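Open the model in your viewer and keep the sequence panel beside it. The stops below are meant to be followed in order, selecting each group of residues as it is named.

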Amino acid sequence: MRGPTIALVIGIAIVVIAAAIALQYLTAPSGGGGGGAQPPATPTQTQTSQQTGTSAPPSGGGGPIQYDPQLAAKGKQYFNEIGCTSCHSIKSLGISGGNVGPDLSKALLGNPGQAGSVIDKYFKENGLDNPAADPQKAAQLLAQFLTNPPDYAGTMKTMVNTYKNAYPDWATERVPALVEMLKEAAK
Ligand code: HEC
């Protein structure tokens, strides 16, 4: 009597566990196409040394911050060359600079706790309450900020006007690279 009962209990337990695991796979949000049973995608943002020609990381709102290392490197080059460093540091990237403007390490995430920061206000008034949950949208808004800063970002408004005159490729080339660098900084 005892033996068979235990065997039955164990048998049921195994079936229940197997069903639970199967259910988890079937209901897990799948990153791309097909139906279900995919392991979670591995984040690819640690490939800093991998400088392959392929750019444009896959965009998937939410999730980890992904960036194109080549474009981000270009952004760092511009950041120094343009002279953003006279007012900003980016500590997370080891870039030291002036403190007229806030450190930009977490600008993509709304720069919590940074004195003089305006970017969170800018995100919020553009409908982004939680930048960490949607880094893709945050990046878009950062690009918009750097192309056309709001009136309450008086210093940046003046600076960006200067940059637009100095660099005809400001919006098409420099801003995207700078934003990519800010993604790397915040990751
Ligand atoms: C003359 C100083 C100065 C320079 C140069 C400057 N900034 Fe700024 N930046 C500021 C100040 C001050 C703020 C805060 C908002 C304001 O008053 O404009 C700011 C805000 C920002 C913000 C929003 C960060 C936040 O937390 O609100 C970003 C992003 C930014 N700057 C990027 C840049 C980049 C990229 C460059 C170079 C292309 C640059 N800045 C050059 C002074 C400067």
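The tour goes from the whole chain to the core, then to the aromatic rings, and ends at the ligand.

Before selecting anything, note that this is a predicted model, in which local features need pLDDT of at least 70 and side-chain atom pairs count only at pLDDT 80 or more, while totals for chains, interfaces and linings use all residues. Residues are numbered from 1 along each chain as its sequence is written, and side-chain values use heavy atoms, with hydrogens and water left out.

**The whole chain**

Begin with a cartoon view of the protein chain, which has six helices and zero strands; helices (H or I, at least four residues) and strands (E, at least two) are DSSP runs, numbered from the N terminus.

**The core**

Now select Phe79, Ile82, Ile90, Trp170 and Leu178, which touch the most other members of the largest nonpolar core, a group of 34 residues. A nonpolar core is a set of buried Ala, Val, Leu, Ile, Met, Phe, Trp, Tyr and Cys residues joined through side-chain atoms within 4.5 Å. Which helices each supply at least two residues of this core? They are α2 (69-82), α3, α4, α5 (154-166) and α6 (170-186), and the largest share, nine residues, comes from α6.

Stay with Ile82 and show its surroundings: leaving aside residues up to four places away in sequence, Ile82 touches Tyr163, Tyr167, Trp170, Arg174 and Leu178, a contact being heavy atoms within 4.5 Å.

Then select Lys183, which is placed in helix α6 and is buried, with a relative accessible area of 9%. With residues up to four places away in sequence again not counted, Lys183 touches Ile65, Gln66, Tyr67, Leu108 and Ala139.

**Aromatic rings**

Rings of Phe, Tyr and Trp (its six-membered ring) pair if their centres lie within 6.5 Å; planes under 30 degrees apart count as stacked, over 60 as edge-to-face and the rest as tilted. By this rule there are two aromatic pairs. Select Tyr122 and Phe145 to see an edge-to-face pair, so called because the ring centres are 5.4 Å apart and the planes lie at 70°. This pair links distant parts of the chain, with Tyr122 in helix α3 (residues 119-125) and Phe145 in helix α4 (residues 135-147), 23 residues apart. Next select Tyr163 and Trp170, whose centres are 5.0 Å apart and whose planes are at 35°, so this pair is tilted.

Two charged side chains also meet rings: the charged end of Lys121 sits over the ring of Tyr152, 4.5 Å from its centre, and that of Arg174 sits over the ring of Tyr167, 4.1 Å from its centre. A charge sits over a ring if NZ of Lys or CZ of Arg is within 6 Å of the ring centre and within 35 degrees of the ring normal.

**The ligand**

Finally, select the ligand, which 26 residues surround, the closest being Cys84, Cys87, His88, Ser117 and Met156; a residue is near a molecule if one of its heavy atoms lies within 4 Å of it. A polar side-chain atom of His88 lies 2.7 Å from a nitrogen atom of the ligand, whereas a polar side-chain atom of Ser117 lies 2.5 Å from an oxygen atom of the ligand.

Definitions and conventions: Buried means under 20% relative accessible area, exposed over 50%, partly exposed in between (1.4 Å probe, protein chains only). A polar contact is a pair of N or O atoms within 3.5 Å; within protein, one must be able to donate a hydrogen and the other to accept it, and residues adjacent in sequence count only if both atoms are side-chain atoms.
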